[in-house]
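Let's take a walk through this one together, starting with open space and then moving on to the aromatic rings. Have the viewer ready.

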Amino acid sequence: MFGKTKSKAWKQLENIYKHFQNTQMKDLFAADAKRGSKYCLQLENMLFDYSKNRINDEVMQALLALAEERQLKEKIVAMFSGKKINVTENRAVLHIALRNRQNTPIYVDGRDVMPQINEVLERIKDFSEDVRNGRFTGYTGKKLTNIVNIGIGGSDLGPFMATQALRHYWAKDIKCYFISNIDGTSCAEVLNNIDPETTLFIVASKTFTTIETLTNAKTCRKWLIDALGEHAVAKHFIALSTNKEEVEKFGINPDNMFAFWDFVGGRYSMWSAIGMIIAIAVGYKNFERMLEGANAMDRHFAEADLAQNIPVISALIGIWYNNFYNIHRYAVVPYDQYLQYLPAYLQQLDMESNGKAVTMDNKFVDYATGPVLFGGAGTNVQHSFFQLLHQGTEVVPVDFIIPAISHNEIGSHQPILIANVLAQGEALMQGKTEQEAITELQKSGKSKAEIERLKKYKTFSGNRPSNTIVLKKIDPYSLGMLVAMYEHKVYVQGVIWNINSFDQFGVELGKKLANNILPELEGRAFGAEHDSSTANLINHIKKIRK
Ligand code: F6P
C-alpha cells in the first residue's frame, strides 16, 4: 500500500522541505545565472519554463525518486498499452489511441482498437466536409450553417473550448453554438437566434442518459418539428455517443450516429466523435492537426526521460506544493483571448479526475489529492484576482500560457500582452521589499509620514511560483499539444496519489437527490425526507412559483 508514512521518497521530501521551505527563489536566481535556461524544457514549438518555482536539484531529484518509487514509467506503459487502469469501472483509458497517428495496434481484451477509431475518423471527415461543402443539407435543401452542440461536461467543455481556441480557423459562413445547461435560458438564447432550415443539432453524450442533454435535445427536436415537421429530424440531428440503443430510442437514426467507446472518458473525449463540431468549424485537416499535436505530446510523455518530460515535471512540481507546502490550489492564466475557456475546460479535466479520496487499494488517503483550479484570460484577470495572487495570504502557483505570435497582430497589442505576462511572473517571484517600497515612495516625493503610512501596503512578499508555457501560435497543433500536456499531468498526479483519475462517482449523489426533489417541486410527490434547510427551501420556492 502507498501512504505517505510508508514511502521512503515521501519522507525524503518531507526532510528536504524542513530545510528548504523558506528558500527564496530570487536568491536561487542570484546564485545561478543559468537557472532560467536550466529549468526549462522544449518540445517542438512549446517551451516550458519552470525555473520560477521553489525548487533546486535536490528537490527535483527527490520528486523524481517519488515518481520512480510510484513506478510511474510502468504506469505510463500501462495506459498506452490498453491496460484497464480505470479499475473501479474496469476500463482501459485510451484517449491516446484516438490520436495514435502511427496507427500501431493497441489491444483491449485481445482486440486492436485502431480499426474502429480509424473508421469513425473517416466518417467524421466525410460528414464534416459534406456539411462544410453543402453536400449534406437540411431538409429543405439549404446549407447547414448553424451548428449547435448539445452536451454537458466532457461532451461540451472540450468541443466548446477548442472551437473557441480555434476561432481564427472557422469557415466564414459557419456559426457554432453550445447548449449545455438545463437552465431553459441556455436553449432559448440559441433557438431565438437561429433558423431551423439551416441548423444542425449535434447531440453529444457518451451515455445518452444525461438529463440535461436529453432534456435540451428534446426541446430542440420539438422546436425543429414544429417548424419543419417530423421528417426533418434525420437531416438536422446527429448523435455522438457510445450508446446506440438510447440514441435509437431518442429517435435519431443510427446512420446519423458517430460512435466512441467506453475506453474514452468524457473529459478526455474531444479527440473522438465528440470533436465533430470542431471538425465542422475548422475543417477536418485542422482537426487532424490537433490530433497530431496531441500525438506529439503523447510520444514525448511516453518516451522522454522523466527528468526531461514536460507533463511529468509539471505534475511533480504540483505535488511539491500540494503535499509539502500545503498549497492546494493553482491558477491557469492563458494570455490569449482565444484560450479564454481553457481554465473552465481544465477544471473538469483536473478536478473531476483527481478530486478523489480513496486509493487504488481501497483505503482513504492520508494526504491531499487534487487541488482547486481556477483561472481566466490575461490581461483581464490582472484586474480581478491578481491582487490576491500578489499580496494575499494564499500562495497560488500559476501556469502562464502565451503565444509568441498572435493571429491578430495589431499595432503593439501583442508586445504589450507579452510584456505583461512576463512581468507578472517576474513580479510574483521577485516581490518588492519594504526598503524597495520606501525608496520608490521617496523618489515619488512622498513625505516621511506618508512613507511610514504606506510602506507596508506597497510591499510584495514575492517568492510566488509560476510556470511559463510559450507557444509559437495558437494553432490546432499547438492546442493539441497543450491539452494533451495537461491530460498527462493529471494522470501523473493520480499515479503519485495512487488514485483512479478516470471515474467520477462524486457527481452521482447530487444527481440522485435532484431526482427526489423534482417531483416535490412539481407537486407530484410530497413529504420526502429532507434536512430542514432543504425542506424550507423547497417550500419557499414552491410558494414563489405558484
Ligand atoms: O459530470 C459527470 C459526467 O459523467 C462527466 O464525466 C461527463 O463528461 C458528463 O457527465 C456528461 O456525460 P455524457 O457525455 O454521458 O452526457
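How much space lies in the largest pocket? In this predicted model, the answer is about 1,100 Å³. Its lining takes in 42 residues, and Ile152, Thr207, Thr210, Val507 and Lys511 are the ones nearest the centre. Three helices, H10 (211–228), H16 (342–354) and H22 (508–521), each put at least two residues into that lining. H22 gives the largest share, with seven residues. Sort the lining of the largest pocket by class and you get 17 nonpolar, 16 polar and nine charged residues.

Now for the rings. The model has 26 aromatic pairs. One of them joins Phe127 and Phe136, edge-to-face, at 4.9 Å centre to centre with 65° between the planes. Both of these residues, Phe127 and Phe136, are buried. Phe127 also pairs with Phe258: here the centres are 5.4 Å apart and the planes sit at 55°, so this pair counts as tilted. Phe127 belongs to helix H7 (residues 114–133) and Phe258 to strand S9 (residues 257–259), so the pair ties together parts 131 residues apart in sequence. Phe258 is buried, as is Phe127.

One last stop is an aromatic cluster made up of Trp10, Tyr17, Phe20, Trp320, Tyr321, Phe324, Tyr325 and Tyr367.

Conventions. Residues numbered from 1 in each chain as written. Predicted model: local features only at pLDDT ≥ 70, side-chain atom pairs only at ≥ 80, totals over all residues. Heavy atoms only, no water. Phe/Tyr/Trp six-rings, centres within 6.5 Å; stacked < 30°, edge-to-face > 60°. Buried < 20%, exposed > 50% of the residue type's maximum accessible area, 1.4 Å probe, protein only. Helix = DSSP H or I, 4+ residues; strand = E, 2+ residues; numbered from the N terminus. 1 Å grid on protein atoms, 1.4 Å probe; cavity = no way out; pocket = protein on both sides within 12 Å on 5 of 7 lines; lining within 4 Å. Points joined across faces, edges and corners; volume = space filled by probe spheres on them. Nonpolar A, V, L, I, M, F, W, Y, C, P; charged D, E, K, R; others polar.
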